[in-house]
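Look over the structure first, then read the points below.

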Amino acid sequence: MNAAPKRDSYDVVVIGAGPAGLAAAATAAEAGLSTLLLDENAGPGGQVWRAIASTPVTERSYLGADYWTGASLVDEVRSGGAEIIQRATVWSLDRNLEIGVSVGGASSFVKARRVILATGALERPFPIPGWTLPGVMSAGAAQTMLKSSGLVPDGKTVIAGQGPLLWLLAAQILRLGGRIDRILDTTERRNYLSALPHAFAFLTSRYFAKGLAMMREVRAKVPVVTGVSELAAAGDGQLATVTYAAGGRRETIPAELLLLHQGVVPNVNLAMAAGIEHRWDDRQLCWSPVLDPDGNTSVQGIAIAGDGAGIGGAEAAVVRGRIAARAAVDALAPAAAGKLAPMATLRASLAKAERGRAFLDTLFRPAPQFRIPSGDTIVCRCEEVTARDILDAVAIGATGPNQLKAYRRTGMGPCQGRLCGLTVTELMAQARGKTAQEIGYYRLRSPVKPITLAELAAMPKTETDVSAVVRG
Amino acid sequence: MFKRSAQDDRRPVHIVVDGVAVEAREGDTVSAALLASGRDVRRATAVSGAPRLPYCMMGVCFDCLVTIDGVGNRQGCLVPVAEGMQIDIQKGKREIGR
């Protein structure tokens, strides 16, 4: 499970073992293609099914039925023919479909005839005053600890933000005996009205009844404040208080832990570094890759499936994974495609899984003040650059995220813009009176995850590689 | 800040944090074990020395950077604990060789 790839080339390499990656790998392997599944975590499942093969939370109702649906897909992949490597960090992918991967401290390159990127989503940055203080974490972080280590908050805990994951996390914490003192709901009241045109599709989707039941479960146990329009964390080297405003009323409450969440966005780093074209998505307020209906990108041979293709949720991710893999089979081994589910069936399942998404996107569209900070609120956590620093740089000529690097080093720290990129784009767009699409994003490059120079230097070299750089 | 669920019956794993023995559980990541330990495990950033704890726990924020068995700047949230693992909380920036 933790050894270097057995071969130096594969028909299909799938990157990421969440819902989309597992489905893609299972499908490609079922058709007899040589398939490699690379995943950064200790076990399969991605974030939504995190630790599904190892969670200490054995009471199944605690994590909920949707969590456990992942188990059968993990079994399907493990009993199929795909080679699976966990704790494999992919740090490079290029137009030649060559993949740089680090396993156990040593790197190698593997070639693929088709690459399916299933690198999923990450939580949208939530840049409020004090969000870098110890004791402020993302809701997803708390959920990761809950699923993989059975850890729950036990001090004064506040959850703030909006979206389905927030309510699911709250319900899970309460079921496991954890503590939540207050939930601060930042959903804008006007969103209820703008989401109305999409309500029918949502009401007839499976999200509706589930979401309602979960919110009822949580509200019975935790005070919920709605219409929160301002939010700040404070403390001296450690979170001590959370201040919020709602409906013209302002309050400061003591807190040891603040969990933030305002939705998820595609994790674009590897795809962008591979040169795949992305566009600004005005409804989901993030960068999404330009894809054909099979998930194929602007780079020949690379497809994207799952939330990395635009947020659609786990059920849609599984179907997108199967569609991308089926398209790879159609291209590489058409004779073997007969045993797979027909494309028309998959597309119908996808439409069903995506039902209700427009409603969720509109209702849980994060408010501008929580996306575009001001003053001395930190935007770039790594290089500790504030909103004011960025506006000052714009005032003296910084035109976009890439110029800004030269002024302030934003996005040049170890996270490579993952926690500041969207904020920088939107902040600069607002300051310059441009659209996010016009402002653009950081030019991302490999390595997309840090590896040591020693590891890079120890990689196998051909004679041509050496003669290209050695003189005389 | 966090407590372990009563359902958790995983085997104990012993690690050493800044020279002090800490009990973790099999399958914990380094970051989860540190947060569960109840100890002050705040690192200090390389830029200003500001105190930080992990933010995302999924490998994207790099606020969990920690020295593991002598190797600096490891992402503690991606590395599972192992018996006898030596963890050092990072204060400020790394130096060459550590």
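The rule finds one salt bridge across the interface of chain B and chain A. A salt bridge here is a side-chain nitrogen of Lys or Arg within 4 Å of a carboxyl oxygen of Asp or Glu. This is a predicted model: local features need pLDDT of at least 70, side-chain atom pairs count only at pLDDT 80 or more, and totals for chains, interfaces and linings use all residues. Residues are numbered from 1 along each chain as its sequence is written, chains are lettered from A and ligands numbered from 1 in the order written, and side-chain values use heavy atoms, without hydrogens and water.

**The interface**
- B:Asp63 and A:Arg381 form the salt bridge through their side chains (2.7 Å, N to O).
- Chain B brings 37 residues to the contact and chain A brings 52 residues; contact means heavy atoms within 4.5 Å.
- About 3600 Å² is buried between the two chains, 58% of it from carbon and sulfur atoms. Buried area is the accessible area (1.4 Å probe) lost by two parts on being put together, summed over both.

**Strands across the chains**
- Strand β9 (residues 151-153) of chain A pairs with β1(B) in the antiparallel sense, over three bridges. Strands (E, at least two residues) and helices (H or I, at least four) are DSSP runs, numbered from the N terminus. Pairing needs at least two DSSP bridges.
- Opposite A:Val152 stands B:Lys3 in β1(B).

**A sheet in chain A**
- Five strands form an open sheet with parallel pairing, in the order β8-β16-β10-β11-β12.
- β8 (136-138) and β12 (224-225) of chain A each have a single partner strand, so one side of each lacks a neighbour in the sheet.
- A:Met137 has A:Leu259 in β16(A) as its bridge partner.
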